[in-house]
Amino acid sequence: MLAVWAALGFGHLVAGLISPGSSPYLAVGDQVINLSPEPLTEFAKTQLGTNDKPVLLIGIFVVITVLAALAGLASRVRPDWGVRTVVAMGLLGFAAVILGPVFTPLDLVAPLASTVAGVAAFRWLHHLALRARTPVEDGGGVSRRTVLVGGSAAVGLGALASALGGQRLAQGIQSSRDAVTAQLAGATYAERAVAPPAAAAFPQLGTPTFLTNNSDFYRIDTALRIPTLSTASWQLHIHGMVDREVTLSFADLLKRPLVERTITLTCVSNPIGGNLISTANFIGVPLRDILLEAGVKPGADQLFSTSADGWNTGTPTSVVMDPARGALLAVGMNGEALPPEHGFPVRMVVPGLYGYVSGTKWLVDIEATTFANPDKQGYWLERGWSQMGPIKTMARIDNPQGFANVTADTVTVSGIAWAQHTGIAKVEVRADGGPWQAATLSTEVSVDTWRMWHTELALRSGSHYVEVRATDKSGYTQTDERADPIPNGASGWPSVRFSVA
């Protein structure tokens, strides 16, 4: 076990110093995600939310540790078992790295170093253990304490190596982000977001604040290894069915007029009443302007975008090229550079579309092509999700919480509603299957953002069941027909059951 832990730590160190994307441990985790059946992936997202990745990594670590322990027991009789186990795990790491979406020969260094370190650590610890069992007169006499201290030292060095590599990498990212944040603070903007009025949210009544802090902004993606791109090395290549190919550096991007827009993003995996929705002021450059310079050819109905880690998706060209849509190449979020987990240095943001077809993080490539191209089918499209991904009109109840006990003559019910790029016109609430009652809406900031609501209900003592539905500005009222997130987003009326004392 100690030898395997040392291997994991040393491999992580080498990956951090040479090729951050080649950590064998994280590469195996990525392959588990890629090979998992869609129902299992959706179950993990629904049940675990943003904790799905930590749970997966812990699970992989537990499995590795159990296998290492069993191999250790077998090595009491045949030491070959220990070496074979470490080598087998090393080969698994090699395969995971090679099969990764972005692979270069340099990525092989980390799994090789991990395997060598693991075998060396095992042989050394096994040698100490044999000496501890050998009588003094036969050349033994090493105490079990020495074996344990030596093993602890090996694990300590592995952990320290991993920490140093990770720290070095984190400092580099933070330094680059700080520089971008400073640039954004001193930049001239062609458009600034309007400060939300006090009546844009009702947090005192149980709704979220209008803007979501970066640290609280929901995160759903497939990346166990957050790509580590510096602004100096970042480039965006726009090609395919265009009149002229365009390659932009980060400096090129920041020379353009910047805009700041308040946008609500929603994940297609959001269940009825779910929390995978957040709002921020995004800073960036209009994507449409850059595509006009490239000259997207007629017939190119898909913009196939790719992340630095190889993830990809297709976005309807017509939506991005709509001058009223406001699609962005975003570089900032709530006044600072994008956080690494939200796509630093550049990501796509397209109001009105679920992120799985529009929100490519760590963006490095856009190809104008067609949805009919069999070689350009996005990551989630290949897994059974729909092609276009327009966000559905929905509402959510935030207060009271399910199964709460409320002591009040009048119960305040509040929440949020959204119909990005269409806008919310009305929210209605009803209790125990009774008549619908119009709720009070917050001041609208933009049709691209969520809208808060609240109402008062006079309810008798006992258990009650409250439902909500939203109507958007097109006249469409949220359907009561319940549907799972797959293939194009959940639907149904959110509800909550609680008791009044």
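Helices H2 and H5 cross with left-handed geometry. Keep in mind that this is a predicted model. H2 covers residues 24-35 and H5 covers residues 80-98; their axes come within 8 Å, and the crossing angle is roughly 65 degrees.

On the H2 side, the residues in this contact are Pro 24, Ala 27, Val 28 and Gln 31, and they meet Leu 92, Gly 93, Ala 96 and Val 97 of H5. Sorted by class, that makes 6 nonpolar and 2 polar residues, with no charged ones.

One of the H2 residues deserves a separate look, and that is Gln 31. Is Gln 31 buried or exposed? Its relative accessibility is 13%, and the cut-off for buried is under 20%, so Gln 31 counts as buried. Which residues does Gln 31 touch, once neighbours within four places in sequence are set aside? They are Ala 96, Leu 99 and Gly 100. As for Leu 99, its backbone oxygen sits 3.5 Å from a polar atom of the Gln 31 side chain.

Now the other partner of H5. Helix H4, residues 52-74, packs against H5 with the axes 8 Å apart and an angle of about 155 degrees. Angles over 145 degrees count as roughly antiparallel, and H4 and H5 are therefore roughly antiparallel to each other. From H4, the contact uses Ile 64, Leu 67, Ala 68, Ala 71 and Ala 74; from H5, it uses Trp 81, Gly 82, Thr 85 and Met 89. The class count for H4 with H5 is 7 nonpolar, 2 polar and no charged residues.

Key
Residues numbered from 1 in each chain as written. Predicted model: local features only at pLDDT ≥ 70, side-chain atom pairs only at ≥ 80, totals over all residues. Heavy atoms only, no water. Axes fitted to C-alpha atoms, helices over the stretch in contact; angles between N-to-C directions. Helix = DSSP H or I, 4+ residues; strand = E, 2+ residues; numbered from the N terminus. Left-handed = near helix turned anticlockwise from the far one by under 90°. Contact = heavy atoms within 4.5 Å. Nonpolar A, V, L, I, M, F, W, Y, C, P; charged D, E, K, R; others polar. Parallel < 35°, antiparallel > 145°, perpendicular 65-115°, else oblique. Buried < 20%, exposed > 50% of the residue type's maximum accessible area, 1.4 Å probe, protein only. Polar contact = N/O pair within 3.5 Å; in protein donor to acceptor, adjacent residues only side chain to side chain.
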